[in-house]
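I opened this notebook to keep a record of what I looked up, element by element. The entries follow the order in which I went through the model.

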Amino acid sequence: MQVYIFFNCDENKSERSMNIFYNKFVFKDSKSSRKRLLNRVQAERQAGRVKIADENLGKVESLIMDGDPVEASDYILYGAIKIFECI
């Protein structure tokens, strides 16, 4: 099974800036969990911790809900979504 984690990070998305102890929520690859992931990204944007250009909001939502959530990272500044294998 695969899971997604949203990370706050620096503008270069360096892995050393991604803190599993700060971003501790893991999202399953299910419709309801993807919705929670989208809500998390939207909350981070509203709080000003990440930036998403207005013209890219639809792309981010579509990729998280129906596509590859990891690709949504390309449109998020100071945030990234990573995929992990759950054993």
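The entries below go through conventions, the sheet, the helices, some single residues and the cysteines.

**Conventions**

I am working with a predicted model, in which local features need pLDDT of at least 70 and side-chain atom pairs count only at pLDDT 80 or more, while totals for chains, interfaces and linings use all residues. I number residues from 1 along each chain as its sequence is written, and side-chain values use heavy atoms, with hydrogens and water left out.

**The sheet**

I looked up the strand order and found an open sheet of three strands, β2-β1-β3, with antiparallel pairing. Since β2 and β3 stand at the edges with a single partner strand each, one side of each is left without a neighbour in the sheet. For the names I rely on DSSP runs, numbered from the N terminus, with helices (H or I) of at least four residues and strands (E) of at least two; two strands pair if DSSP finds at least two bridges between them.

I then took the pairings one by one. β1 and β2 run antiparallel and are joined by two bridges: in β2, F27 is the bridge partner of Y4, and K28 is that of V3. On the other pairing, seven bridges link β1 and β3 in the antiparallel sense, and I noted I5 standing opposite K82 in β3.

How much of β1 is covered? Six of its seven residues are buried, where buried means under 20% relative accessible area, exposed means over 50% and partly exposed lies in between, with a 1.4 Å probe and protein chains only.

**Helix α1**

I read α1 as residues 31-46, a helix of 16 residues that reaches 22 Å from its first C-alpha to its last, close to the 22 Å expected at 1.5 Å a residue; the expected span is 1.5 Å times one less than the number of residues.

Which residues of α1 are buried? I listed S33, R34, L37, L38, V41 and E44. Seen down the axis of α1, these buried residues fall within an arc of 150°, so they line one face of the helix; the arc is that of the directions from the helix axis to the C-beta atoms. On the other side of α1 I found K31, R36 and Q46 exposed.

I next asked what covers the buried residues of α1, and the cover includes β1 (2-8), β2 (27-28), α2 (57-66), α3 (69-72) and β3 (79-85), with contact taken as heavy atoms within 4.5 Å. Just after α1, I noted that G48 takes a positive phi of about 85°.

I also checked R36 by itself: R36 belongs to helix α1 and is exposed, with a relative accessible area of 51%. The C-alpha atoms of R36 and V60 are separated by 14 Å, the two residues being 24 apart along the chain.

**Helix α2**

For α2 I recorded V60, L63, I64 and M65 as the buried residues, and what covers them includes α1, α3 and β3.

L57 lies in helix α2 and is partly exposed, with a relative accessible area of 31%. Leaving aside residues up to four places away in sequence, I found that L57 touches R45 and I52.

I looked for positive phi in residues other than glycine and wrote down K13, which has a phi of about 60° although it is not a glycine. K13 is found in the loop between β1 and β2, and it is partly exposed at a relative accessible area of 23%.

I also wrote down Y78, a residue other than glycine with a positive phi near 70°. Y78 lies in the loop between α3 and β3 and is partly exposed, its relative accessible area being 29%.

**Cysteines**

How many disulfides are there, if a disulfide is a pair of cysteine sulfur atoms within 2.5 Å? By this rule I count zero disulfides. I looked up the accessibility of two cysteines as well: C9 counts as buried at 11% relative accessibility, whereas C86 counts as partly exposed at 38%.

Notes:
Disulfide = S-S within 2.5 Å.
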